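The model is predicted.

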Amino acid sequence: MSCYFQVADDEVWNPSNAVAQLFLSEAVSLARLIGTASGLGKITEDECEIDPDQFAAFVDALISTYQSTNNTVLRSLLRGFIPVALALVERTGKKTPSMQPEYADAWAREAEVLSHSMPRG
């Protein structure tokens with residue numbers, strides 16, 4: 001079984017249910033941590049609607065958190081989520097304006113590599 005992450009009728013990611021549940025659970029926890037909505041809906045009938053503007057703002061806030069902390073454990077935990085989220089932001093046509101130049105190339109490379117392993121619908 002799989003779940004579809006979509007923007008309107010555009011399916012931007014089709015992970016397995018386990019991966020979808022993990023990604024959403026992480027998003028809920030991270031949204032609570034930074035005090036902003038994730039822009040990801042609940043899974044309903046194997047579909048999860050993404051609000052592209054809200055999701056991009058959420059990912060941008062996570063990037064700002066990463067860039068502004070010197071807590072190596074927090075950075076390590078964020079490094080697992082951010083590249084997947086950046087691949088989705090890219091697929092929705094949005095940007096993350098808070099990305100500092102010294103991080104941009106590394107994040108972009110990692111998101112691009114992961115994107116090849118993230119099937120669309």
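Three strands form an open sheet in the order 2-1-3, and their pairing is mixed. The edge positions belong to strand 2 (10-13) and strand 3 (47-49), each of which pairs on one side only. From one strand to the next, the twist averages 40 degrees.

Strands of a sheet pair through backbone hydrogen bonds, in either the parallel or the antiparallel sense. Here, strand 1 (residues 4-7) pairs with strand 3 in the parallel sense, over three bridges. Within this part of the sheet, Y4 stands opposite E47 of strand 3.

## The largest pocket

A probe the size of a water molecule, rolled over the atoms, shows where empty space is left. In this predicted model, the largest pocket holds about 260 Å³ of space. Its lining comprises 15 residues, and those closest to the pocket centre are L86, A87, E90, A108 and A111.

## Composition of the lining

Which helices each supply at least two residues of the lining of the largest pocket? They are helix 3 (72-91) and helix 4 (101-115). Helix 4 gives the most to this lining, contributing six residues.

In terms of residue class, the lining of the largest pocket divides into eight nonpolar, five charged and two polar residues.

Technical notes
Residues are numbered from 1 along each chain as its sequence is written. This is a predicted model: local features need pLDDT of at least 70, side-chain atom pairs count only at pLDDT 80 or more; totals for chains, interfaces and linings use all residues. Side-chain values use heavy atoms; hydrogens and water are left out. Two strands pair if DSSP finds at least two bridges between them. Helices (H or I, at least four residues) and strands (E, at least two) are DSSP runs, numbered from the N terminus. Axes are lines fitted to C-alpha atoms, for helices over the stretch in contact, and angles run from 0 to 180 degrees between N-to-C directions. On a 1 Å grid over the protein atoms alone, a cavity is a set of points where a 1.4 Å probe fits but cannot get out, and a pocket is an open set with protein on both sides within 12 Å along at least five of seven lines; lining residues have an atom within 4 Å of a point. Grid points are joined across faces, edges and corners, and a volume is the space filled by probe spheres set on the points. Ala, Val, Leu, Ile, Met, Phe, Trp, Tyr, Cys and Pro count as nonpolar, Asp, Glu, Lys and Arg as charged, and the others, Gly among them, as polar.
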